Amino acid sequence: NEDLGVLSTEQRTFLLKAYQSNDRMISLVNDMLGADRIESGKVRYAFQPVQLSDVVDNVLFELLPQANARSLTIRLRPRPATLPKVFADPERIRAVLQNLLENSVKYSRPGGAIELGMREDGKGAVLVQIKDNGIGIPKEQQKNIFNRFFRASNAVKAETDGSGLGLFIVKNIVERHDGKIWFDSTEGEGVTFYFTLPIYTGPGQGVSRPLPLPSGEMPVDRQ
């Protein structure tokens, strides 16, 4: 608030860098805590019938300014008129969608396109597909993409900041829903991520639930 005098340009730059560094450290710590708790099962899930289209629309609305800033086009494939509800925790699935879409925005070249589609897979699940034409993932590194702290070499060059925990957390969340996640990618051409969520079948439906939180402990959200 400049109570101690007017800051010089150099001082302002130093303080801004210090603030950004501190913010990155807080984000990293939160990511690490979130990853530990999710992996150990110490995160409470609120499973319920969810209209996935509503969650997707909410995430896209928040990401649109970032996409516009990079002149990216987001294309939605035509949705089935009767896409069934899924059995999921809406906040956790929102985090999955946000992470995957943010990655597509971050690693797409300016002027590129991101495509998102949803449909039944014919096996009791809804299949979500997120495709971009960004930097892709090197073939020899694809086996590590869901590992804790891993970041592909071209991703590090394109965006130096990152914890390498996002996809690790995403995979754990999807699998807690009895879903599956996988991808196809060619370096330099982009990546397509796929994940499934079980269709809601009615009262009494269950999944492989995580362990309950210890008494008095609160879940950590990192979206």
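Colleague: Why does Arg77 count as partly exposed?

Modeller: Arg77 has 36% relative accessibility. Buried means under 20% relative accessible area and exposed means over 50%, with partly exposed in between (1.4 Å probe, protein chains only), so at 36% Arg77 counts as partly exposed. Please keep in mind that this is a predicted model, where local features need pLDDT of at least 70 and side-chain atom pairs count only at pLDDT 80 or more, while totals for chains, interfaces and linings use all residues. Residues are numbered from 1 along each chain as its sequence is written, and side-chain values use heavy atoms, leaving out hydrogens and water.

Colleague: What makes the meeting of the Arg77 and Glu115 side chains a salt bridge?

Modeller: Their N to O distance is 2.7 Å. A salt bridge needs a side-chain nitrogen of Lys or Arg within 4 Å of a carboxyl oxygen of Asp or Glu, so the Arg77 and Glu115 pair qualifies. The two residues are 38 apart and link distant parts of the chain: Arg77 sits in the loop between E2 and strand E3 (86-88), and Glu115 in strand E4. Glu115 is partly exposed as well, because its relative accessibility is 22%.

Colleague: How many salt bridges does the structure hold?

Modeller: There are five. Among them is Arg92 with Asp89, whose closest N and O atoms are 3.8 Å apart; both of these residues are buried. Another joins Lys171 to Glu175, with closest N and O atoms at 2.7 Å.

Colleague: Why are Lys171 and Glu175 separated by about one helical turn?

Modeller: Because they lie four residues apart in helix H5. Lys171 has a relative accessible area of 26%, which means partly exposed, and Glu175 at 39% falls in that class too.

Colleague: What makes helix H5 mostly covered?

Modeller: H5 spans residues 166-176, and eight of its 11 residues are buried. These are Leu167, Phe168, Ile169, Val170, Asn172, Ile173, Val174 and Arg176. Just after H5, Asp178 has a positive phi of about 60°.

Colleague: How do you know that the span of helix H2 is close to the expected one?

Modeller: H2 covers residues 52-69, which is 18 residues, and it reaches 26 Å from first to last C-alpha. The expected span is 1.5 Å times one less than the number of residues, and for H2 that expectation is 26 Å.

Colleague: Where in H2 does a kink lie?

Modeller: At Leu63, shortly before the proline Pro65, with a bend of about 45°. That bend is the angle between axes fitted to the seven residues ending there and the seven starting there. Leu63 is also one of the buried residues of H2, including Leu52, Val56 and Ala67. Their cover includes strand E1 (48-50), helix H3 (90-107) and strand E7 (190-198). Ser71, which follows H2, has a positive phi near 55°.

Colleague: How many helices and strands are in the protein chain?

Modeller: Five helices and seven strands, taken as DSSP runs numbered from the N terminus (helices H or I, at least four residues; strands E, at least two). Along the sequence they follow α-β-α-β-β-α-β-β-α-α-β-β.

Colleague: And what percentage of the 223 residues is buried?

Modeller: Buried residues make up 43% of the chain. Contact means heavy atoms within 4.5 Å; among contacts between residues at least 6 apart in sequence, 73% join residues at least 24 apart.
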